[in-house]
Amino acid sequence: MATITETKKILIVDDDPVVVLNLSSSLRQPGVEVVTAGKLESAEAALDKYFFDLVVADIRMSGVLGVEGLELLSYVKKNSPKTKVIVLSGSGSEDLRKKALERGADQYYDKPIDIADLMHRVKEMGIYSVK
C-alpha cells in the first residue's frame, strides 16, 4: 500500500524524454518531489509504492493500445482517488479530451503545453504553497 508523506509528490508519465525533462524541471519546487516514468507499467509500479498528490500523464504512450494514459487515469482514480490527474495529449482530439474528463481527469492540456498555465493550475490544486 502506498504511504502518504508531507513532501508533495508529482508523477510525470510520458514516453517522450524531452517532455519528461521539461515538465520535471518546471514542476520541481522546494518541498515537491518529482518522479518520472516512461511507460504505463513503470507508472503503476510507482503508484503502488508511493502516494502522489498529482499525476501528469500523456494519453498516448508507445504501448499497443495507444491510449495508455486513459488506462492510467482509471488506475489512479480507482486506487488513489485523492490524487489529482492532469492529462496531456499531442493529438488534439476532442473525443480523447471528453473521455479523459469523463474518467475523472482534473485538467486536460493539448501539446504543446503552456507551462505557465500548467504551473498556475498545479498551484491551484494545492501542490505548491502559496507565497
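Start by selecting Ser24, which sits in helix H1. Keep in mind as you go that this is a predicted model. Is Ser24 buried or exposed? Its relative accessibility is 6%, so Ser24 counts as buried, the cut-off being under 20%. Now show what lies around Ser24: leaving aside neighbours within four places in sequence, Ser24 is in contact with Ile12, Val34 and Thr36.

Next, colour the whole of H1, residues 17-27, together with helix H5, residues 115-124. These two helices pack with their axes 11 Å apart, at an angle of about 50°. That makes H1 and H5 oblique to each other, and their crossing is right-handed. To see who makes the contact, pick Leu23, Ser26 and Leu27 on the H1 side, then Ile115, Leu118, Met119 and Val122 on the H5 side. Sorted by class, the contact has six nonpolar residues, one polar residue and no charged ones.

Follow the chain back from H5 into the loop that links strand E5 (107-110) to H5, and you'll find Pro112 there. Zoom in on the peptide bond between Lys111 and Pro112: this bond is cis, with omega at about 0°. Most peptide bonds are trans.

Now for the interior. Nonpolar side chains in soluble globular proteins tend to be buried together. Which residues touch the most other members of the largest nonpolar core here? Select Leu11, Val13, Leu47, Val55, Leu72, Val87 and Ala100, out of 24 residues in that core. H3 supplies the largest share, five residues.

Stay with Val13 for a moment and display its surroundings. Beyond neighbours within four places in sequence, Val13 is in contact with Ala37, Lys39, Ala43, Val55, Val56, Ala57, Asp58, Met61 and Leu72. Then switch to a second, separate core, which has 19 residues. Ile10, Val19, Ile86 and Ile127 are among them.

For the last stop, go to the loop between E4 and H4 and click on Ser93. With a relative accessible area of 22%, Ser93 is partly exposed. Finish by drawing a distance from Ser93 to Pro17: their C-alpha atoms are separated by 22 Å, and the two residues are 76 apart along the chain.

Conventions: Residues numbered from 1 in each chain as written. Predicted model: local features only at pLDDT ≥ 70, side-chain atom pairs only at ≥ 80, totals over all residues. Heavy atoms only, no water. Axes fitted to C-alpha atoms, helices over the stretch in contact; angles between N-to-C directions. Helix = DSSP H or I, 4+ residues; strand = E, 2+ residues; numbered from the N terminus. Parallel < 35°, antiparallel > 145°, perpendicular 65-115°, else oblique. Left-handed = near helix turned anticlockwise from the far one by under 90°. Contact = heavy atoms within 4.5 Å. Nonpolar A, V, L, I, M, F, W, Y, C, P; charged D, E, K, R; others polar. Core = buried A, V, L, I, M, F, W, Y, C linked by side-chain atoms within 4.5 Å. Buried < 20%, exposed > 50% of the residue type's maximum accessible area, 1.4 Å probe, protein only.
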